[in-house]
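Have a look at the model first, then try each task before reading its solution.

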Amino acid sequence: MMQYLQSYDRSRKRIGILVDAYDVTRLRRINSDDEMAFFVPMNSEDFRSKIQLKGQIKDERGQFYTVNSIERVRDGQKLTAAVKCKHVMFNLREYKIPYASYIKELYGAHISQLTDRIAAATGGRFSFVIHDTFDLYDIKDWGRTNCLAALNDVLKMYNAEIEADNYTLHIRKKIGADHGHQYRLQKNIVSSKFSDTTESLVTRLYVQMKDGRTWIGQPATILTAEERARLQAIPGAIVNGILQSNYLVSQYADVWASPDIPYYDGELIEQDITDVAELLRSARKTLTDNEIPSFEVDVSAADLHKLDRTETQPGLGDTVHCLDPALGLDNVTARVVEITEYPFAMDKHSQVKVANVMRKDFAEIMADLERAKGIVNNMTSGGLIRTELFEAFAKEAVIDVNNSKTEVKYDTRGIVLQDKTDARNQVIMTSNGIILTTDGGATARTAITPKYINAEVISGQLGSFVSLLIGDGNNVTQINTNGIAAGNTTFSSAPFRVDMQGNVTANKLTANSAQINTSNLNSSTWKDGYFSGNITAQGTITGANLIGGSITSNTDINVTRDARIGNVLYMGLTGQTNDRRIEFVDGGVYRSYIGFTNSTKQLEVYGANDVRISSGLDITLSAMSATLPAYSYIGSPTESNRIVVTSQLAGKADTSALNNKAEVSEAGYSLAFDATTRNLKMYSRTGQTLATVNIPK
């Protein structure tokens, strides 16, 4: 351990050892002071060359403190300088949170989101280490101040504690530890003072959040079973499972109750909370912190660790055990909340203040409020202003004004609110209206008068108004009692308009996604769309591909190009009995068709001229009979190369006699065509060849 303080300049370059410094005292409090003071003779080398304002002093723990003041004192011929320093953590007040990091409202923020902004505002000079898991918190109006005040707000919001290691700041739910350190009579207690108080005792806590809202009307199930049971014992607190009261009752209410005072009431108002669940969490914590008496023990204890290194040394935030039965301290567990140390003096003892482990945030807050009210209430005495209090109040007011980012001025225009960082940014309040300007008042970016509001942009939700007109001439957009229109000052002539019934008229519409119900489309082009169900066309459908579904039309459907059928072409619908046909038409009177007659179930192939059936292989006819009219034949036009038919036999034989007298072996039964020899042969029923005809190519 170092035996002397060390001095450094403003750039943290080592200057030397302060060998003449004496009465070194260090005071530390949880989430509060961390300062050091010492004396040095003015005629010493330490004072003349080693100590400078805003320089730094390093203590025996390796922590740096910034020199903030040097007070020179004469006592006869003795000249002494009293030096006061604060831990370098407090240099955070020299950094402002930039406007870009200001948070107006942020829900469910992690603590690191705020510490990262503070670290960034210092240019990375300070860094944070988060050691515990903290609940998310809803942030409102954070970052208007310097970094130190912003850090203090973070600690309050997240109920955290800070432990500084020079420029590295450690954030924990609770600093310190329990090393078993004891303050025991006849061992290390030199003197002690024990006090307990019930001034802040609360056994019934009323709560409110923003705008005076509470949890009245919420289901009682938001409370725990124990909380509900305590409220149900109070008539009217819960009715039909609904909360009718805005308070919680302590588990120790019966212990402290008396016939005169059944409850010790307290009130918690959280203007930054808008969520019932968050309000309930805050109420539980506040009630827990105040439902038992608080106590404090001031101990002057011998620093045995200076003589015996095996002895424990208490640290800020440590849990310690106090034993002084005569004072009522019977192994009471408490926590070091403040410690005054004399690190280099062997003849001086540390002064320690310990308190019960439950923190008293709400009591401290109430004390701050009472102190603020006291400044105002005590400013007068007997109808006269108390000068010393007024001066203190005025001093605080001046500090607040100086810390403000806005300067208030009065001139011939009226009241002027002027930005300290840029005097051109002003808000001017006159008798005729309000002007917002960014050029010192030469022009108005925004103006508000009793009749008009003139602004480049109006952002937000507008209330009731008669008409809104944007633009000039017919290049306008208007909102009025007719609806919304653009492109013409006359609503009915505007190329785009929406009336109060929701009817839209537009010259052109581009929609990334739309649902159209019961609509007529005229002269429209559809691209890359999908239709489900049936398409009924009363005119002509023109397109490249029709995929899926069915097409129904009251008139002809004209296909002007080739049509390809993938597998099967079905003529007619299932269950219908009408005639069907495929007809081939031309510009003249000739026509050909394939027709089906439903009544006879007959299929007819008709060609206006020839009907030709060609095959690369066999042609097979399968039927009960094949009938040829009297004037028809099978074969070539040359009579010698075709099958004889009835008309050719007329007059040469009695054909009727042949019907009864022809033998089976003599009558034609089947035909066969040989593609190699191109012979068409007729066979009898017994397989005998009756005739052969060669059919030329």
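The model is predicted, so local features need pLDDT of at least 70 and side-chain atom pairs count only at pLDDT 80 or more, while totals for chains, interfaces and linings use all residues. Residues are numbered from 1 along each chain as its sequence is written, and side-chain values use heavy atoms, with hydrogens and water left out.

**Exercise 1.** Describe the secondary structure, burial and contacts of the protein.

*Solution.* 
- Step 1: count the elements, taking helices (H or I, at least four residues) and strands (E, at least two) as DSSP runs numbered from the N terminus. There are 10 helices and 46 strands.
- Step 2: turn to burial, where buried means under 20% relative accessible area, exposed over 50% and partly exposed in between (1.4 Å probe, protein chains only). Of the 697 residues, 28% are buried.
- Step 3: consider contacts, meaning heavy atoms within 4.5 Å. Among those between residues at least 6 apart in sequence, 49% join residues at least 24 apart.

**Exercise 2.** Work out the surroundings of E341.

*Solution.* 
- Step 1: locate the residue. E341 belongs to strand 22 (residues 329-341), and it counts as buried because its relative accessibility is 4%.
- Step 2: list its neighbours. Leaving aside those within four places in sequence, E341 is in contact with V24, T25, R26, R28, Q313 and S350.
- Step 3: look for salt bridges (a side-chain nitrogen of Lys or Arg within 4 Å of a carboxyl oxygen of Asp or Glu). R26 forms one with E341, with the closest N and O atoms 3.1 Å apart. This pair links distant parts of the chain, since R26 lies in strand 3 (residues 22-29) and E341 in strand 22, 315 residues apart. Both partners are buried.
- Step 4: widen the view. R26, R28, D59, E60, R61 and E341 are linked in a network of salt bridges, and the whole structure has 21 salt bridges.

**Exercise 3.** Which residues does Q63 touch?

*Solution.* 
- Step 1: Q63 sits in the loop between strand 5 (56-58) and strand 6 (64-75), and it is buried, with a relative accessible area of 8%.
- Step 2: collect its contacts. Not counting residues up to four places away in sequence, Q63 touches I57, K58, H87, A164, D165 and N166.
- Step 3: zoom in on one partner. A polar atom of the Q63 side chain lies 2.9 Å from the backbone nitrogen of N166.

Methods
A polar contact is a pair of N or O atoms within 3.5 Å; within protein, one must be able to donate a hydrogen and the other to accept it, and residues adjacent in sequence count only if both atoms are side-chain atoms.
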